[in-house]
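Subject: Structure for you, with notes

Hello,

Please find the structure below. My notes on it follow.

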Amino acid sequence: MASEHRISTWAAARKRVAEAVATTRAQYPGRPAPVDDPPVPADLLNLLCRLGVALVGSGETSQGVQQILDRLSKRYATDNIHFMVLPTAVFVRVRTHEGSAVDMLDARVGTLPLDQIAGLYKLIDKIEQDAPPPAEASADLDKILSAKPGSPPLVILLGHVVLTVGIGMMLNPGARALVGYVVLGLIVGLLTQLADRFRLLKSSLPVVAAAVVAMLSFGFPGALAGGQPQQLLIPAVATLLPGAMLTNGTIELSTGSMVAGASRLVYGINMLFLLAFGLFVGISLLGQLQTVPVSSAQLGWWAPLLGVLLIGYGHSWRSSAPQNSVGWLLLVLYITYLAQFAGKALSGPLTGTFLGGLVAVPAAYLIRNRKNAPPTQVAFLPAFWMLVPGGISLTGISELVLRTHGGAASGGLEVIASALLSVMSIALGVMVGSGLRASYPPHVGPILDSIVPRAHLPWHHTADARHAADARRHGDPDSSG
């Protein structure tokens, strides 16, 4: 009997404890079970990776690409995707309840044609508006990237020549140098097109092009340069100068993207030394340099203005600008040039490059959504390339090369230091211009609306939301190449 009583007492005690535990759990519910992150469809992941690689090819900074991809991923209702963008690859980390998965896609070095860049940003606008199925958006991206250049090879070659002449007239409007600009622009344009077909020439194009330019410039100084062959160098190899790479690298370093910024700077500096080595090879093959009387004949004050016009048409033909957009490109180019000219007259070249970079971003942003106007990035890139920040760097290195041959050169190291300051000034100008655009929208927009109405295109209905972040793309805590 005693044992049976102890068992019943023990059972009653267990029952009372269980009831107390149940009451406590009811009053203080435990931590809810973790919610699994939603799976990311493979076609969406592939689309975002490919868009990131295409944006790298459009001249965006790494931080700008990452911001665009973040917005697009959230548009597809996914918040468990994280991106890391480098100039040569796009890394994606997907968080799941089982851990994290990392994927990547290689990015090529180079800039897409302007018509492909325009199509890319229109596709981004379409995704932000409608969020089409990823497979459909990927098919649209395939059509954009696989399309042939809008300009045939002969027009691209003509654009290269016109661009060379335009840059030459803007930097050195010498009457005797026009022949040299045409000849060297034609030869470098042919070498560039041949490099697209032959891999060996593509890898050695900077050295080969610079060597040929040096041999012709210094070998025929009277016929091609009016006695100043060194002034032919920058316009002739302007399309090979890493100005955009150096400037974007400076912007990325200043905004905390240290790996991307350092890699761009190293690549840009290496490209400059390859060009300098080509100059050294070309001059060495000539042996003793000729000296001819220097011609002082200049074309006049109008030559740089005509040069900007030629730069606009040259870029539009060479880089296959979108149809009917050349007028808008010229508007941005002239605004940028006038700001650069005013700054140079006011305080010197560094102030000029700073003001040019500062004005280029708001000017490109202002024309968005107008009839036949290209996206902001397309309008910005030619103005960015016109500033040619790497040109002074090549000048400094070429002076050091000429010193080894007994040329009259002085202050080569000072010129290189000035070049680095020039790169920093344009980068700072682009960042400040982007920040001003984000904080203070241009007040001339309503006036421009009354002159040229906005285009009513499907992809522009929600473009304002995307363009609010355009300024950050070009350097504002998060602007060519």
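S316 is in contact (heavy atoms within 4.5 Å) with S151, A321, V326 and L329, leaving aside its neighbours within four places in sequence. S316 sits in helix α14 (residues 302–318); helices (H or I, at least four residues) and strands (E, at least two) are DSSP runs, numbered from the N terminus. With a relative accessibility of 8%, S316 counts as buried. Buried stands for under 20% relative accessible area, exposed for over 50%, and partly exposed for what lies in between (1.4 Å probe, protein chains only).

This is a predicted model, in which local features need pLDDT of at least 70 and side-chain atom pairs count only at pLDDT 80 or more, while totals for chains, interfaces and linings use all residues. Residues are numbered from 1 along each chain as its sequence is written, and side-chain values use heavy atoms, with hydrogens and water left out.

Overall

The protein has 22 helices and three strands. Of its 481 residues, 51% are buried. The protein exposes about 22,700 Å², and carbon and sulfur atoms supply 66% of that area. Accessible areas come from the Shrake-Rupley method with a 1.4 Å probe; for residues, only the protein chains shown count as cover.

Helix α2 (residues 42–57) has 16 residues and reaches 23 Å from its first C-alpha to its last, close to the 22 Å expected at 1.5 Å a residue. The expected span of a helix is 1.5 Å times one less than its number of residues. In α2, 13 of the 16 residues are buried, so the helix is largely enclosed by the rest of the structure. G59 follows α2 and has a positive phi, near 95 degrees.

Helix α12 (residues 243–254) has 12 residues, which at 1.5 Å a residue should span 16 Å; the end C-alpha atoms are 17 Å apart, in agreement. α12 is mostly covered, with 10 of its 12 residues buried. Among them are M245, L246, I251 and E252. After α12 comes G256, whose phi is positive, near 95 degrees.

Salt bridges

How many salt bridges are there? The count comes to six, a salt bridge being a side-chain nitrogen of Lys or Arg within 4 Å of a carboxyl oxygen of Asp or Glu. R71 forms one with E128, where the closest N and O atoms are 3.2 Å apart. R71 belongs to helix α3 (residues 62–75) and E128 to helix α4 (residues 114–130), so this pair ties together parts that are 57 residues apart in sequence. R71 is partly exposed, at a relative accessible area of 23%, whereas E128 counts as buried at 15% relative accessibility.

K126 forms a salt bridge with E136, with 3.7 Å between the closest N and O atoms. This pair links distant parts of the chain, 10 residues apart: K126 is in helix α4 and E136 in helix α5 (residues 134–146). Both count as partly exposed, K126 at 28% relative accessibility and E136 at 38%. K126, E136 and D140 are linked in a network of salt bridges.

D196 forms a salt bridge with K202, the closest N and O atoms being 3.9 Å apart. D196 counts as exposed, at 58% relative accessibility.

Aromatic pairs

A search of the whole structure finds three aromatic pairs. Rings of Phe, Tyr and Trp (its six-membered ring) pair if their centres lie within 6.5 Å; planes under 30 degrees apart count as stacked, over 60 as edge-to-face and the rest as tilted. F380 and F384 form a stacked pair, at 5.2 Å centre to centre and 20 degrees between the planes. The two are four residues apart in helix α17 (residues 376–386), and are therefore separated by about one helical turn. Both are buried, F380 with a relative accessible area of 1% and F384 with 2%.

Surface patch

L158, Y313 and W317 form a nonpolar patch on the surface, with about 260 Å² of accessible area together. Patches are made of residues with over 30% relative accessible area and no salt bridge, like charges being joined within 9 Å and nonpolar side chains (Val, Leu, Ile, Met, Phe, Trp, Tyr) within 5 Å. L158 is found in helix α6 (residues 153–171) and is partly exposed, with a relative accessible area of 44%.

Regards
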